[in-house]
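Trainee: I have a structure open and would like to go through it with you. Could we discuss the surface and then the helices?

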Amino acid sequence: MSAQAEHDRLRRETEEIRRQLDALLRDETSWKGRQAEALAQAEELEGRQQTAEEALEDLAGRPEALAEQREVLSQALEDAEIERRAAADALVEGERAARAADKALRDIERGEAQAREGLVRAEASVEAARAECRTVATTIAEKRDCTPEALAADLPDDASLPPLAEAETALAQVLRERDALGPVNLRAEQEARELEEQVSTLTLERDDLVAAIARLRQGINELNKEGRARLLESFRQVDQHFQGLFQRLFGGGRAHLTLVEAEDPLEAGLEIMASPPGKRLQSLSLLSGGEQALTATALLFAVFLTNPAPICVLDEVDAPLDDANVDRFCTMLRELTDTTRTRFLVVTHHRMTMARMDRLFGVTMAERGVSSLVSVDLRRAADLVEN
């Protein structure tokens with residue numbers, strides 16, 4: 001056993017030595033390659049050094065040549081700057097001369113335009129004078145039946161004519177006086193009698209209208225008086241019913257109606273003051289949604305008690321109410337039905353309200369897109385259940 005172990009140990013050591021030997025051979029090969037690369041790089045660096053030295057020798061004489069070239073270019077630059085300044089001065093002089101020429105041209109064109117306008121105005125004045133002469137000749141021919149030349153021949157040699165403005169003013173005054181006289185009216189007396197008859201008729205009609213207006217105002221006053229009395233009486237009855245219904249619907253509290261904004265009942269507005277249990281008296285607009293609905297219901301029922309109607313439609317008035325208020329609402333509705341004989345049509349989705357009705361009507365959709373009306377007589381159904 002010891003010989004076998006020794007043999008295995010020697011074999012492992014041999015293999016380890018072989019691996020190390022192989023690694024050394026690989027390292028040797030790698031170092032030889034690196035050596036070759038280093039030699040090549042050294043040769044390349046020597047070539048580059050030689051090239052740089054040759055370039056350095058070539059550039060050693062360049063500063064003197066560049067200095068000479070710089071002096072030549074500086075002289076050329078100075079000459080060019082002198083030429084540029086001369087050209088700039090010439091340009092300024094040319095622009096000044098051009099502006100002067102433009103100004104002279106504009107002055108000439110302006111003078112020409114003014115001369116043309118003067119010529120046009122003179123021609124227009126001449127044409128207007130000719131037209132005025134033709135108008136005056138036509139007027140003289142119509143009124144004096146002669147030509148202007150013949151009219152001028154009839155005037156004495158030493159006759160002096162007044163100024164034109166004064167003559168036109170005198171003529172206008174004479175024409176106004178003639179027009180004020182008007183034509184001679186041969187039917188003036190007959191027209192005066194007809195006008196007197198019309199005035200008499202209009203006077204009678206005016207007196208009739210004044211009397212009719214007085215009677216109408218008296219009738220309006222009587223109607224207003226009777227309307228105020230009826231309105232106040234109806235207001236008193238509605239207010240009395242409203243106070244009682246409000247306390248029954250709210251289980252307490254107080255409320256009343258008030259006429260505001262005017263002393264005349266026919267022109268006054270209506271203000272609803274309400275105080276639910278536990279709250280102060282305030283306007284209807286300051287109450288909650290459910291309180292406003294109950295207050296409005298009380299006012300509606302108060303109007304029905306004052307002036308019952310055969311039919312009343314209530315559209316979801318119980319929507320903002322809780323179950324307790326819905327029960328009070330249904331109880332009040334039943335009492336009003338028995339008292340006023342009014343038929344109430346209630347639109348509702350509340351189960352308690354539907355349970356307190358006599359008959360239910362609903363719309364159902366047994367098939368998609370097909371609606372059908374159904375009805376249930378709850379009173380009859382209750383009688384059938386009891387029997």
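Trainee: Which strands each supply at least two residues of the nonpolar patch?

Mentor: They are β4 (311–315) and β5 (343–347). Please keep in mind that this is a predicted model.

Trainee: Which residues make the nonpolar surface patch?

Mentor: Ile311, Val313, Leu345 and Val347 make the patch, with an area of about 370 Å². One of them, leucine 345, lies in strand β5.

Trainee: Turning to the helices, at what angle do the axes of α6 and α7 cross?

Mentor: The axes of α6 (residues 289–306) and α7 (residues 323–340) cross at roughly 5 degrees and come within 11 Å. Angles under 35 degrees count as roughly parallel, and α6 and α7 are therefore roughly parallel to each other.

Trainee: Which residues make that contact?

Mentor: Helix α6 contributes Leu294, Thr297, Phe301, Phe304 and Leu305. From α7 come Asn325, Phe329, Met332, Leu333, Leu336, Thr339 and Thr340. By class, the contact of α6 with α7 has eight nonpolar residues, four polar and no charged.

Trainee: And how do α5 and α7 pack?

Mentor: Helix α5 (residues 188–250) packs with α7 at an angle of about 140 degrees, and their axes are 8 Å apart. The two helices are therefore oblique to each other. On the α5 side, Leu245, Arg248, Leu249 and Phe250 take part, and they meet Asn325, Arg328, Phe329, Met332 and Glu335 of α7.

Trainee: How many charged residues does the contact of α5 with α7 have?

Mentor: It has three charged residues, together with five nonpolar and one polar.

Trainee: On another topic, how many salt bridges are found in the whole structure?

Mentor: The search finds 19 salt bridges.

Trainee: How far apart are lysine 32 and glutamate 28 in helix α1?

Mentor: They are four residues apart in α1 (residues 2–59), so about one helical turn separates them. Side chains of opposite charge can pair when their charged atoms come close.

Methods
Residues numbered from 1 in each chain as written. Predicted model: local features only at pLDDT ≥ 70, side-chain atom pairs only at ≥ 80, totals over all residues. Heavy atoms only, no water. Axes fitted to C-alpha atoms, helices over the stretch in contact; angles between N-to-C directions. Parallel < 35°, antiparallel > 145°, perpendicular 65-115°, else oblique. Contact = heavy atoms within 4.5 Å. Nonpolar A, V, L, I, M, F, W, Y, C, P; charged D, E, K, R; others polar. Patch = residues over 30% accessible without salt bridge, like charges linked within 9 Å, V, L, I, M, F, W, Y side chains within 5 Å. Areas by Shrake-Rupley, 256 points an atom, 1.4 Å probe, with all protein chains shown as cover. Salt bridge = Lys/Arg side-chain N within 4 Å of Asp/Glu carboxyl O.
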